Amino acid sequence: MSIRSAVGSTLRSTLGGPRTDNLRRREVAVRANLARRLTPQAAPSKSAGAASKATSKAGPGASGKLTRQETIDALGRAGTEGLGAGSKPPNGLKWASPDPFEHTSSGTHKHTLLATMHDLLEPRTYFEIGVDQGQSLTLSSARTIAVDPAYRITRSIQCDVRTFLQTSDDFFATAGNFDHFHGVPVDLAFIDGMHLAEFVFRDFMNIEKHMSPGGVVILDDMLPRNSLEAQRIRRTVSWAGDVYKVHEVLRRHRPDLTLLPINTDPTGSYLIVGLDPTSTVLDEVYEQVLPELSAPDPQKVDTDWVRRTHAYDPKAVMSSPVWAKVRALRDGGASAADYTELWQELRDPR
């Protein structure tokens, strides 16, 4: 176990989870402030002459002065984990050009999948982390709770929604934040918040406790198209982050869940059913898996995962007859065991 994980484990045992997570967020903020104060200096090119002098004079951010690798390195020094999600790279740098994609696009956008799940499930309640401008919120007509510490909604929302301008950790640590649902569990949840594996893991761990027996959780950005797009510190225009790591942890520790990576554009979706709100397994292994989830850059994504070799065709998932049966069972007050055969059918559509 790393020193940071050991300290975190000790703090959790003495201060509790919410206070420890708050301390970690403050640590990130301090590191971000330091990063803003320290302008990174890219390593000079090996080529001699005017080009090398121009690079050193202009510094990072001067168009055409840095090689691709120098840009990647400079972004890594300028950025802070989890804080590179803005519309512009830090300190005036340009985003690095992306690596090639090795998968075949399905032509189905993530919001098409989400919109279809709204239509198929007709959820009574919808929960969302990561609001941004509200594009995904426009898809909901259910009673909705939406969480984002910096949302900037620019679209018309048609549902009965309560928004929370706070982090998801703070939301889950506050009593009464689900009162808007009047005791009805969550039928559909969409997690598209911080693009770091440990945050997404906690978000799933926390929302599962509030899900209905036939509930569906969708995680965004789980299928990065290359390893550069999967870095914890953002280097490319499109950015998945390292949330793909959550799959292996869930596969290993929660074999009872049905896990479906789905080949949606741009950075993949991940559908989870067979939920157990009473399970404490993830809480118990959190400190154990934290070093794995938060391992620093560079990231190396498995070739099969990048190629989406085992990802499901979104059209097949959306056209499955399972969803009408799920909705009927839910409306009839079915128990979790009543859905078992449906989840098996979803895993193996043949």
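This is a predicted model: local features need pLDDT of at least 70, side-chain atom pairs count only at pLDDT 80 or more; totals for chains, interfaces and linings use all residues.
Helix H9, which spans residues 281-293, carries a kink of about 60° at Glu287, shortly before the proline Pro291. Glu287 is itself buried, and the other buried residues of H9 are Leu282, Val285, Tyr286, Val289, Leu290 and Leu293.

Across the whole structure, the search finds 23 salt bridges. One of the pairs is formed by Arg330 and Asp187, whose closest N and O atoms are 3.9 Å apart. Since Arg330 lies in helix H12 (residues 322-331) and Asp187 in strand S4 (residues 186-191), the pair ties together parts that are 143 residues apart in sequence. Both Arg330 and Asp187 are buried, the relative accessibility of Arg330 being 11%. The side chain of Arg330 also meets that of Asp331 in a salt bridge, at 3.1 Å from N to O; Asp331, however, is exposed, with a relative accessible area of 54%. Arg330 thus pairs with Asp187 as well as with Asp331, and these two partners are buried and exposed, respectively. Elsewhere, a network of salt bridges links Glu81, Glu198, Arg232, Asp242 and Lys245.

Attention then turns to the second largest pocket, which holds about 410 Å³ of space. Its lining comprises 23 residues, and those that lie nearest the centre of the pocket are His247, Glu248, Arg251, Pro261 and Trp305. Two or more lining residues are given by each of helix H8 (245-253), strand S6 (258-262) and helix H10 (303-307), and among the contributing elements H8 gives the most, with four residues. By class, the lining of this pocket is made up of ten nonpolar, nine charged and four polar residues.

Technical notes:
Residues are numbered from 1 along each chain as its sequence is written. Side-chain values use heavy atoms; hydrogens and water are left out. The bend at a residue is the angle between axes fitted to the seven residues ending there and the seven starting there. Buried means under 20% relative accessible area, exposed over 50%, partly exposed in between (1.4 Å probe, protein chains only). A salt bridge is a side-chain nitrogen of Lys or Arg within 4 Å of a carboxyl oxygen of Asp or Glu. On a 1 Å grid over the protein atoms alone, a cavity is a set of points where a 1.4 Å probe fits but cannot get out, and a pocket is an open set with protein on both sides within 12 Å along at least five of seven lines; lining residues have an atom within 4 Å of a point. Grid points are joined across faces, edges and corners, and a volume is the space filled by probe spheres set on the points. Ala, Val, Leu, Ile, Met, Phe, Trp, Tyr, Cys and Pro count as nonpolar, Asp, Glu, Lys and Arg as charged, and the others, Gly among them, as polar.
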